[in-house]
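Here are my notebook entries from going through this one.

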Amino acid sequence: MNPAIIAALIITVLLLGTVIIPAINKNQFNKLSFEQKVRILMKEANGLIYFKNVASNNEGKLYYVKNKRRIYIYPWVMSGGNMLCTREDLFICWDYPDEEITFTEEEITQALEELEKYNSKNKVKLIINYEAEQ
């Protein structure tokens with residue numbers, strides 16, 4: 001086989017695997033209903049704390065999964081190179097399950113600590129003004 005054809009095939013496979021297929025997956029996740037997203041997030045969560053950031057243009061949602069049982073969503077918009085949380089009622093109740101389970105003081109502290117750890121691992125940080133709201 002011609003080396004140019006082999007190189008073209010390798011480039012095509014790499015392009016599919018790194019750009020096209022992840023873009024399709026992200027688009028499909030955005031189209032799912034909330035219940036389907038919850039099911040997928042519960043499956044993907046590989047530890048007691050799991051974050052999944054789903055972005056679309058200059059806005060998105062950061063999903064915080066705790067113990068594969070509870071989900072809290074931080075909606076955000078891009079502002080000055082960081083993600084600015086747009087949620088007004090921070091840490092009132094969990095987004096899932098639908099039973100409106102409220103946060104305890106310990107859970108709020110843990111959520112803030114885990115968000116700090118998440119921010120230390122990523123270049124783009126999620127900025128919330130929780131202390132200012134207190």
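**Helix α2 and its packing**

I began with what the buried residues of α2 pack against, and I found α1 (3-31), β1 (49-56), β2 (59-66) and β3. This is a predicted model, so I kept an eye on pLDDT throughout.

Next I listed the buried residues of helix α2 (residues 34-44), which are K37, V38, L41 and M42. Which side of α2 do they take up? They share one side, because their arc around the axis is only 135°. Then I checked the face of α2 turned away from that buried side, and there I found the exposed residues R39 and K43.

**Confidence**

I looked up the scores before going further. The chain has an average pLDDT of 87, and 96% of the residues score at least 70. Where is confidence lowest, and where is it highest? The lowest is helix α4 (residues 130-133), with a mean of 54, and the highest is α3, at 95.

**Aromatic rings**

My search of the whole structure turned up 11 aromatic pairs. One of them is Y72 with F91, a stacked pair at 5.4 Å centre to centre, with 20° between the planes. I counted this pair as stacked because the cut-off for that class is under 30 degrees between planes.

Where do the two partners sit in the chain? Y72 belongs to strand β3 (residues 70-79), while F91 is in the loop between β4 (82-85) and α3 (105-121). They are 19 residues apart, so I noted the pair as a link between distant parts of the chain. I checked burial as well: Y72 has a relative accessible area of 0% and is buried, and F91 is also buried, at 4%.

I then asked which residues make up the aromatic cluster. I wrote down F51, Y64, Y72, Y74, F91, W94, F103 and Y118, which form one cluster.

**Cysteines**

How many disulfides does the structure hold? I found 0. For C85, the nearest cysteine sulfur is that of C93, 14 Å away, and C85 is in no disulfide.

**Backbone**

I kept the backbone for last. Most residues other than glycine have a negative phi, and most peptide bonds are trans, so I went looking for exceptions.

- Y96 and P97 are joined by a cis peptide bond, with omega about 10°. I placed P97 in the loop between β4 and α3.
- N57 is not a glycine, yet its phi is positive, about 60°. I located N57 in the loop between β1 and β2, and at 77% relative accessibility N57 is exposed.
- N67 is another residue other than glycine with a positive phi, near 55°. I found N67 in the loop between β2 and β3. Is N67 buried, exposed or partly exposed? I noted N67 as partly exposed, with a relative accessible area of 35%.

Key: Residues numbered from 1 in each chain as written. Predicted model: local features only at pLDDT ≥ 70, side-chain atom pairs only at ≥ 80, totals over all residues. Heavy atoms only, no water. Phe/Tyr/Trp six-rings, centres within 6.5 Å; stacked < 30°, edge-to-face > 60°. Helix = DSSP H or I, 4+ residues; strand = E, 2+ residues; numbered from the N terminus. Buried < 20%, exposed > 50% of the residue type's maximum accessible area, 1.4 Å probe, protein only. Arc of directions from axis to C-beta. Contact = heavy atoms within 4.5 Å. pLDDT = per-residue confidence, 0-100. Disulfide = S-S within 2.5 Å.
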